[in-house]
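Please look over the following model before reading on.

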Amino acid sequence: MLDQFFVPELKKQYDVLRESEKSMSQDEVEAIYASIRERAELIMELSRIAKKDGLLALEEKIEHIEGCEDVKTLVQYVVDGDDPESIEQMSMLNYASKGIEGYDAILYIISTYGVLAIQADMYRQRLARLIN
């Protein structure tokens with residue numbers, strides 16, 4: 001369900017962003033894309049921490065993250081053991097209720113996808129340990 005909603009939505013929001021770039025300075029555009037890269041890098045860092053030290057280690061990390069409230073909330077749900085479907089549904093409802101577009105929407109989608117991917121990877125690792 002996540003792919004059916006967020007993948008087309010991400011494409012749409014990149015189109016919105018590209019259109020809004022026409023009225024921005026080059027510095028503003030570069031700052032936006034730098035921020036998107038930073039969010040992706042944060043998600044990758046959280047993934048490395050989870051793989052190395054487990055999901056509970058993320059709780060300490062998110063205490064030190066400035067801004068990124070959506071990431072903090074999603075990670076806390078994962079650490080608390082909420083099931084992926086519940087997190088996915090909550091994320092989709094939250095996204096729809098905010099009515100965000102462009103840059104903010106892209107950050108939200110990256111955060112949701114990334115945190116759910118971290119959770120899914122941890123489930124795969126646990127299953128592999130059980131099988132072996």
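What is the handedness of the crossing of α4 and α5? The crossing of α4 and α5 is right-handed, where right-handed means that the near helix is turned clockwise from the far one by less than a right angle, and left-handed that it is turned anticlockwise. This is a predicted model, in which local features need pLDDT of at least 70, side-chain atom pairs count only at pLDDT 80 or more, and totals for chains, interfaces and linings use all residues. Residues are numbered from 1 along each chain as its sequence is written, and side-chain values use heavy atoms, with hydrogens and water left out.

**Overall layout**

- The protein has six helices and zero strands, where helices (H or I, at least four residues) and strands (E, at least two) are DSSP runs numbered from the N terminus.
- Read from the N terminus on, the order of elements is α-α-α-α-α-α.
- Taken along the principal axes, the C-alpha atoms fill a box of roughly 55 × 30 × 25 Å.
- Of the 132 residues, 39% count as buried; buried means under 20% relative accessible area, exposed over 50%, and partly exposed in between (1.4 Å probe, protein chains only).
- Among contacts (heavy atoms within 4.5 Å) between residues at least 6 apart in sequence, 68% join residues at least 24 apart.

**Packing of α4 with α5**

- Helix α4 (residues 69–79) and helix α5 (residues 84–98) pack at an angle of about 160°, and their axes are 10 Å apart.
- Axes are lines fitted to C-alpha atoms, for helices over the stretch in contact, and angles run from 0 to 180 degrees between N-to-C directions.
- The two helices α4 and α5 are therefore roughly antiparallel; the classes are roughly parallel under 35 degrees, roughly antiparallel over 145, roughly perpendicular from 65 to 115, and oblique for the rest.
- From α4 the contact takes L74, Y77 and V78, and from α5 it takes I87, M90 and S91.
- These residues of the α4 and α5 contact comprise five nonpolar, one polar and no charged; Ala, Val, Leu, Ile, Met, Phe, Trp, Tyr, Cys and Pro count as nonpolar, Asp, Glu, Lys and Arg as charged, and the others, Gly among them, as polar.

**Packing of α2 with α4**

- Helix α2 (residues 26–53) packs with α4 at an angle of about 20°, with axes 12 Å apart.
- That angle makes α2 roughly parallel to α4.
- The crossing of α2 and α4 is right-handed.
- On the α2 side the contact is made by R39, L42, I43 and L46, and on the α4 side by D70, V71 and V75.
- By class, the contact of α2 with α4 has five nonpolar, no polar and two charged residues.

**Nonpolar cores**

- A nonpolar core is a set of buried Ala, Val, Leu, Ile, Met, Phe, Trp, Tyr and Cys residues joined through side-chain atoms within 4.5 Å.
- The largest such core has 25 residues, of which I36, I43, L46, L58, V71, V75 and I118 touch the most other members.
- At least two residues of this core come from each of α2, α3, α4 and α6 (102–131).
- Helix α2 gives the largest share of this core, seven residues.
- Not counting residues up to four places away in sequence, L46 touches L58, K61, I65, V71, V75 and I118.
- A second, separate core of seven residues includes F6, M92, I100 and I109.

**Residues in and around α4**

- The buried residues of α4 are D70, V71, K72, L74, V75, V78 and V79.
- C68 lies in the loop between α3 (56–63) and α4, and its phi is near 50°, a positive value in a residue other than glycine.
- Most residues other than glycine have a negative phi.

- S91 is in helix α5 and, at 0% relative accessibility, counts as buried.
- Not counting residues up to four places away in sequence, S91 touches F6, L74, Y108 and T112.
- M90 is also placed in helix α5, and at 23% relative accessibility M90 counts as partly exposed.
- Leaving aside neighbours within four places in sequence, M90 is in contact with L74 and Y77.
- M90 and L74 are 16 residues apart in sequence and 9.5 Å apart in space, C-alpha to C-alpha.
- Y33 is found in helix α2 and counts as partly exposed at 23% relative accessibility.
- Y33 touches Y14, L17, R18 and E21, not counting residues up to four places away in sequence.
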